[in-house]
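Here is a friendly briefing on a few helices and residues to look at with the model open. Please have the sequence to hand as you read.

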Amino acid sequence: MTQDAPPWTADSAKADFLSGALWEAVTGRRASEADATLVDLCVDLHNSGEIDFLAGIDQPAFAALQRYKRWPVLEFIGQVTPRLSSTWREMADFVSRAIATMDGGDAYEIHKPFLAWLKAHPTEASAAVVLAENGEAPEPWLLERALIALSDLDLCRRLAREHQDDRRLSAVRALARLEHPTPHDRLASLALGRSLIEQAAGEDLAAAVALLILDGLTQPDPALGEDAIRLLDKALSQGGDPGLAQAGFSFCTASAEVLQPPVVVVLLKHLSHVTAEQGNALGHLVHGLGKLSRWNRSQEAFDFIRSIVTDAPGGLSLEVFEDAFADVFMGPPDAVHPLVLSWLEEGRPELCGGLVDLFQGFERASSPLAIDFTTHSYTDQQIWFICRRAVGYFLIHEVLAASVVVSALRSASPDLADALTDLLTDPLLMNYQMELRPYLDGVDDADPAHPFVKAAIERSDAYRQGVGEWDIPELRPSQAHLQFAHILRSDEFARISREGRKRSILADLVHTQTLLYGNRSLSYLTGPDGKRQMFETPLATFGFSSEMPHQDVLDPVALAMQNYQLRHGEPQ
């Protein structure tokens, strides 16, 4: 048991601050959450001149704090700072020094109390604006915070009109952060943004105008009119890389009320130019597409992905957008059906091959689909090519491929049903039996597809019976062939195991041991009483089986050609 620490006093707080021990004490005692007395003492000591609290960040003890300890310290500083009696210059200098010593993610913890201090001291915020107007311009973000604290829309608009340097940029960005409570305010800011864009604004200023439209004009009314959307399009067109970054950030963070379809169309129009090298914008884009899926607007997201995915060198592959498909693939089984049908019908290799990767990535490759083709307006020819491509691309996932064909058989016309029965027979049943046969045998007698499935099975059985009457050496793989397959499979399991360990939090919590042989493991744990206790863990065995395509042994060239034709054949 540990004893409670003694209560803080003015003398102990002063001594700890001057020695640098205060920061470690804050992390240990969680004073920022539990001991408001320490906050009051630091405020009083600073305001009375006994300590300079703002100089605390220059102490070696502060610089030595590890990141996980710095967070409670920054929270504590955030509670003290807004109550300090300081001048604009002192506080601006403090914030600049603090940010220079921090990572980007921690900088917000300083911006937030600085803005709170400005709102608590509007006279100092006004002094900063006066200095800027007199040509003593502080850093743009400092002036921006001062304007936000004053919450004066007319002042921001005036500065944006009268100046053509960083002061204009600061004013527009501040204007974007302020709420526009009346239609008059919205129209006035919209007119300002339009005039700036017509003057051929620079990239940063054009991006700020886009921010103004997406953030400022949507407060408190999120609806954007046609004029605002046209201006947004122009601003992003002039914004270059900053505009692209702004489009990505807004697409990632804006609410559903703001991201109405017309707004999304404009944002995605410009985000279609993002490249793999623009990591932040690409990450925001993927996150925003995932949001659309969660809002039951997945069609907008998937239509965009379909238009941007390419297999060209340097282009964006479907793998980049995998997270955007999580809600669909992990949702109800039928949620993925429209996507599967539309992409297989289109037939582009980058989309169809990407579907295979998605089913594998979300562990759906072994689960059959039950698609109701009657709810989709496809012709017999379109259904035929959908099924051909399903078999061609999902051949190694034979149950999934067969389920698409069986689904189509349930409502197929006689001619189409005959063609699909042939497809089910060859190449599926000709190549696979182990997992495919139980799935097809499970098709109910009352199922409309049952007669066609039964016919395919009978043809397959007749084929295999005929093959079995001949002694074909290729169907008896050599020991070297079997051993090579075993080595490949073992290497794959080892790779999966290594990847799994990299992603597991358990690796940071426990020690690992490699057992060469045994059916149980023993481990020891030292209890609170100092005694070691033994734990016995029984070990289970596991195994796996796999099936090679039958034709891959008999005639691999013919199988490869057949698979190519199934994938890439086009309607005549």
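Gly466 counts as partly exposed, because its relative accessibility is 26% (buried means under 20% relative accessible area, exposed over 50%, partly exposed in between, with a 1.4 Å probe and protein chains only). This is a predicted model, in which local features need pLDDT of at least 70 and side-chain atom pairs count only at pLDDT 80 or more, while totals for chains, interfaces and linings use all residues. Residues are numbered from 1 along each chain as its sequence is written, and side-chain values use heavy atoms, with hydrogens and water left out.

**Gly466 and its helix**
- Gly466 sits in helix α27; helices are DSSP runs (H or I, at least four residues), numbered from the N terminus.
- From Gly466 to Gly500 it is 34 residues in sequence and 45 Å in space, C-alpha to C-alpha.

**α25 against α27**
- Helix α25 (residues 414-431) packs on helix α27 (residues 450-468) at an angle of about 40 degrees, with the axes 9 Å apart; axes are lines fitted to C-alpha atoms over the stretch in contact, and angles run from 0 to 180 degrees between N-to-C directions.
- That angle makes α25 oblique to α27 (under 35 degrees counts as roughly parallel, over 145 as roughly antiparallel, 65 to 115 as roughly perpendicular and the rest as oblique).
- On the α25 side, the contact residues include Ala417, Thr421 and Leu424, and on the α27 side they include Phe452, Ile457 and Tyr463; contact means heavy atoms within 4.5 Å.
- By class, this contact of α25 with α27 has ten nonpolar, four polar and three charged residues (Ala, Val, Leu, Ile, Met, Phe, Trp, Tyr, Cys and Pro count as nonpolar, Asp, Glu, Lys and Arg as charged, and the others, Gly among them, as polar).

**α23 against α24**
- The axes of helix α23 (residues 380-393) and α24 come within 8 Å and cross at roughly 165 degrees.
- α23 is therefore roughly antiparallel to α24.
- Ile383, Ile386, Cys387, Ala390 and Val391 of α23 meet Ala401, Val404, Val405 and Ala408 of α24.
- The contact of α23 with α24 comprises nine nonpolar, no polar and no charged residues.

**Ser407 in α24**
- Ser407 belongs to helix α24 (residues 398-409), and it is buried, with a relative accessible area of 1%.
- The side chain of Ser407 reaches the backbone oxygen of Ser403 at 2.7 Å.
- A polar atom of the Ser407 side chain also lies 3.4 Å from the backbone oxygen of Leu369.
- Leaving aside neighbours within four places in sequence, Ser407 is in contact with Leu369, Ala370, Ile371 and Phe373.

Note on methods:
Helices (H or I, at least four residues) and strands (E, at least two) are DSSP runs, numbered from the N terminus. A polar contact is a pair of N or O atoms within 3.5 Å; within protein, one must be able to donate a hydrogen and the other to accept it, and residues adjacent in sequence count only if both atoms are side-chain atoms.
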